[in-house]
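An overview comes first, followed by points grouped by topic.

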Amino acid sequence: MDGSEELDLEVAEQVIMRWESTSASTFSPDSALLFSASGVRRSEAERYLRAVDRLRLSTKDSPIAVNSPRRLSSGSATSSAAPTPVTALQTAMARLEDEFRHILVTRSLDVEIDSLIDLGSLSINNSSVSGEFFPGNEDQATEEESESERSRSPTPVPASESVSESASQPSSSSVPVPEVQREPSPRSVSPPERGCETEALATPVPAPASVSESTPTSDPKSEGSTSSSLSQRNRYLSMRSIKQIDLFPPDAIEDLRNIASRMVASGYWRECMQVYGSARKPAVDHSLRRLGIEKLSIGDVQRLSWETLASKVGRWIRSARAAIRIILASERRLCEMIFDEEGLDEAPFAEAVKGAALQVLGFAEANSIGRRSPEKLYKMLDMYECLSDLMPDISAIFNSKSTEPIRQQAEEILLRLGDAARGILSEFENAVIKETSKSPVPGGTIHPLTRYVMNYLMVIPDYTATLAKLITSRPSYRLAGSEEPITIDDDFPQPKAQEPIAYHVVWIIFVLHRSLEIKTGGYKDVALSHLFAMNNIHYIVHKVKDTEELREMIGDNYLQKLALAYTNAALNYERATWFPILRCLRDEGLHVTGGFSSSVSKSTLRERFRSFNASFEEAHRLQSMWQVPDTQLKEELRMSIGEKLLPAYRSFLGRFRQHIECGKHPELLIKYTVEDLEEAILDFFEGTQPPSILNRRRSH
């Protein structure tokens, strides 16, 4: 405002009281406003403010009531008694309070919520949005955040590999088998679908909000002490991750600042702050609702189903970044532009955003103190990473005494999220350790526990940096029912990586392997127990090999130990199934020696053929119903069987066929050709009831 024209005290009083008379006589509240969006009364508004300045100077030594300004009644304003400078100033303060509220409510710019969710994940290097730094905090600036989105969902179990739930479900003490989903990293998030979360604004506003460029919005202050004080202290400038948007047009900012400065100078600071808080708080709350941040109590969050909770965590991560880095950061900037006295912006800012900030943090807090079930680990880490990523911004935005509780609350919630993640990992380890049931899965297929644990661990590398900060000690190395830790040197494999989280990963796989060894005892068929071991160890090894980071963490030494365990299971399977069958095809015991010649014992030979036929038919019937989900492993097993069985059978037939064919009913003994056996082997490990070998030949 141009203050070169100083009004006479009497004229100043008349200016104030004339507007009171106008307000009392008009039917339209808007027509009695000085500070309108059209600006038609700009000169009158400036004259009114100069009148306020003149009254303030004349009453600076007078004791005036500043706690509750009240406009004089129309009767008092038009009475014969001349107003005093004190009453005129009180009247002016009441008007300015109304004008202040009206501007705050009606002049705010529309906030493009969908675009804000997008901006919340942008960095200064890949966006036209930029900011400045807090003096002295340059070292806290975040690095470029262009890291591509990481896929953190454990590999889903193919339908072809699934087992009957009723038959293969672990016992009640086992680890649950929910689907573990991974949200995008807080460093690279995608916007939600448009229209799913936004609401229509209650009151249409004139123009969309703009985003601050590298040069801040032109300072609407008048030249003078107020502008110099802001430029000198400029405590809130932007960290790299903060994006400021304009919440009001420049002329509205100028009007708000001019009104606020008069109210504060006249002793009406409390009223000004209360009006500001009451007007901006609903606007901030409305922005949060449009971002999808709900008001949920701790109980509400803890009663959500897992699927609903997982979805809300993903939405919270996207929305919290936009809420803090854009909405709340811009509110802080707005306060500093309006209340340009040193430190005066803190209280109105806290009044406007405290509830909203605690609402944003409340969802993370509710999750941090909820039930610690294994499926929540990665969602908890998602929230931890998001809040950790936001902490420099929170510290920068809420850096005053008035907002210190918000900053402290965020720090405490971050600690609790870390504690929860550690606790969940410990609960997961304990659940695997305690899963010692011997209930066999049908067909010796991959156990649900194996699938769940390995899919769970495959996601660990995506969080290595975070878990390295949270997990600082090695596991206890205690098995279920044992008070003493196992002997590390003899039994426990050393991971290649030396971080404690690597030891936890290897420990979990080690315990899983131990649990699988216990479960093999649940099979009455020894060969099937070895096939079960082969299936599960093969699955573990290939999951590790398929995840380069996990393999690097564990190291090849342990993989070699697992490979050796697989080889031993394969040898034991062959011994249990095929060695007895191959013994039927040996020469020993068939030749009878007498005098100078030897002959074949036909009775023994006939019994050998009968034993071979019966043994192979039984193996074909049983092992066709066994399962090997991995196609490559299944083919390798069939090939191994064929390489041992078919040459032996072909040779046996070649040597002894004539001894059978010269007798009665040779077709009852030589039932199968080599080709029949080769075809029958293809039925093995399909998990279905096979046709008989003879029926297949007849159908062909």
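Glu 294 touches Lys 312 and Gln 359, when residues up to four places away in sequence are not counted; contact here means heavy atoms within 4.5 Å. The model is a predicted one, in which local features need pLDDT of at least 70, side-chain atom pairs count only at pLDDT 80 or more, and totals for chains, interfaces and linings use all residues. Residues are numbered from 1 along each chain as its sequence is written, and side-chain values use heavy atoms, with hydrogens and water left out.

**Overall architecture**

- The protein has 25 helices and 2 strands; helices (H or I, at least four residues) and strands (E, at least two) are DSSP runs, numbered from the N terminus.
- Of the 700 residues in the protein, 50% are buried, where buried means under 20% relative accessible area, exposed over 50%, and partly exposed in between (1.4 Å probe, protein chains only).
- Among contacts with a separation of 6 or more, 84% are between residues 24 or more positions apart.

- Glu 294 lies in the loop between α9 and α10 (298-302).
- Glu 294 has a relative accessible area of 38% and is therefore partly exposed.
- The C-alpha atoms of Glu 294 and its contact Gln 359 are separated by 7.9 Å, although the two are 65 residues apart along the chain.

**Packing of α8 against α9**

- Two packed helices are described by the angle between their axes and the distance between the axes.
- For helix α8 (residues 250-265) and helix α9 (residues 269-291), the angle is about 145 degrees and the axes are 7 Å apart; axes are lines fitted to C-alpha atoms, for helices over the stretch in contact, and angles run from 0 to 180 degrees between N-to-C directions.
- Ala 260, Met 263 and Val 264 of α8 meet Trp 269, Glu 271 and Cys 272 of α9.
- By class, this contact of α8 with α9 has 5 nonpolar, no polar and 1 charged residues; Ala, Val, Leu, Ile, Met, Phe, Trp, Tyr, Cys and Pro count as nonpolar, Asp, Glu, Lys and Arg as charged, and the others, Gly among them, as polar.
- Cys 272, in helix α9, counts as buried because its relative accessibility is 0%.
- Outside its sequence neighbours up to four places away, Cys 272 touches Phe 100, Ala 260, Met 263 and Phe 339.
- The C-alpha atoms of Cys 272 and Ala 260 are separated by 6.6 Å, with the two residues 12 apart along the chain.

**The nonpolar core**

- The largest nonpolar core has 180 residues, of which Phe 100, Ile 509 and Phe 616 touch the most other members; such a core is a set of buried Ala, Val, Leu, Ile, Met, Phe, Trp, Tyr and Cys residues joined through side-chain atoms within 4.5 Å.
- Helix α11 (residues 306-338) gives the most to this core, with 18 residues.
- Phe 616 is in contact with Trp 578, Ile 581, Leu 645, Leu 677, Ala 680, Ile 681, Phe 684 and Ile 693, leaving aside its neighbours within four places in sequence.

- α11 has 33 residues and reaches 45 Å from its first C-alpha to its last, close to the 48 Å expected; the expected span of a helix is 1.5 Å times one less than its number of residues.
- A kink of about 35 degrees in α11 is centred on Ala 323; the bend at a residue is the angle between axes fitted to the seven residues ending there and the seven starting there.
- Of the 33 residues of α11, 29 are buried.
- Helix α13 (residues 377-397) has a kink of about 45 degrees at Met 391, shortly before the proline Pro 392.
- Because 18 of its 21 residues are buried, α13 is largely enclosed by the rest of the structure.
- Leu 387, found in α13, is in contact with Leu 361, Ile 394, Ala 410, Ile 413, Leu 414 and Leu 417, leaving aside neighbours within four places in sequence.

- Most residues other than glycine have a negative phi.
- Phe 685 has a positive phi of about 70 degrees although it is not a glycine.
- Phe 685 is found in the loop between α24 (674-681) and α25 (693-699), and with a relative accessible area of 1% it is buried.
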